Amino acid sequence: MTRNAVYPGTFDPITNGHADLVRRAARLFSRVVVAIAANPGKTPMFTLDERIEMASRVLADVPNVVVMGYSGLTVDFARANDVSIIVRGLRAVSDFENEFQLANMTRHLASELETVFLTPQEQFIFISSSLIREIAVYGGPVDEFVHPSVAIELRKKKRP
């Protein structure tokens, strides 16, 4: 049975925690679509095209992963891309309430979609894109939290 999954998010930028979840999801599902949200409600550090490019480089070695950008509702993206499972990451108990609300709203909007929660490896639990952005802007070290190519892009965005 073919099981296609989508892992949606802003990925501003993609972190080692994100990559860990994608690689693990790729072992569970036939195809994993990393869906990078345009998300006009946020002001990302990187453009949508930059985020797609970074994620594509980081995940290039995983044959059943495809990276795509999108805008609009995740459920509409899932339907349009033959996806039946939404993968969500849970780093801490504090993530659960929001993710639980999203999963229930997804079920309400699209009962054919299932949400699966994955937890990152222990060394990635405290990593978030927003923390990485803040560290990078002030010139702090980010190399252990992101792929080397992402670290290079973050250093380019650092405050003068």
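**Figure 1. Tyr70 in an aromatic pair of the predicted model.** Tyr70 counts as buried, at 9% relative accessibility (buried is under 20% relative accessible area, exposed over 50% and partly exposed in between, with a 1.4 Å probe and protein chains only). The model is predicted, with local features requiring pLDDT of at least 70 and side-chain atom pairs pLDDT 80 or more, while totals for chains, interfaces and linings use all residues. Residues are numbered from 1 along each chain as its sequence is written, and side-chain values use heavy atoms, without hydrogens and water. A search of the whole structure finds four aromatic pairs (ring centres of Phe, Tyr and Trp, the last by its six-membered ring, within 6.5 Å; stacked under 30 degrees between planes, edge-to-face over 60, tilted for the rest). One of them joins Tyr70 and Phe77 in a tilted arrangement, 4.8 Å centre to centre with 40° between the planes. Phe77 is likewise buried, at 8% relative accessibility.

Figure 2. Phe126 lies in the loop between strand E5 (114-118) and helix H5 (129-137), and Phe145 in the loop between H5 and helix H6 (148-157), so the pair ties together parts that are 19 residues apart in sequence. Helices (H or I, at least four residues) and strands (E, at least two) are DSSP runs numbered from the N terminus. Phe145 is buried, with a relative accessible area of 12%.

**Figure 3. The largest nonpolar core.** A nonpolar core is a set of buried Ala, Val, Leu, Ile, Met, Phe, Trp, Tyr and Cys residues joined through side-chain atoms within 4.5 Å. The largest has 37 residues, of which Ile14, Val34, Leu59, Val65, Val146 and Leu154 touch the most other members. Elements giving two or more residues to this core include strand E1 (4-9), helix H2 (48-58) and H6. H1 provides the largest share, five residues. Beyond neighbours within four places in sequence, Ile14 is in contact (heavy atoms within 4.5 Å) with residues including Met54, Leu59 and Val150. A second, separate core of 12 residues includes Phe77, Ala78, Ile86 and Ala110.

Figure 4. Leu73 is placed in the loop between strand E3 (65-70) and helix H3 (74-80). At 48% relative accessibility, Leu73 counts as partly exposed. Arg155 lies in helix H6 and is partly exposed, at 45% relative accessibility. The C-alpha atoms of Arg155 and Val142, 13 residues apart along the chain, are separated by 8.9 Å.
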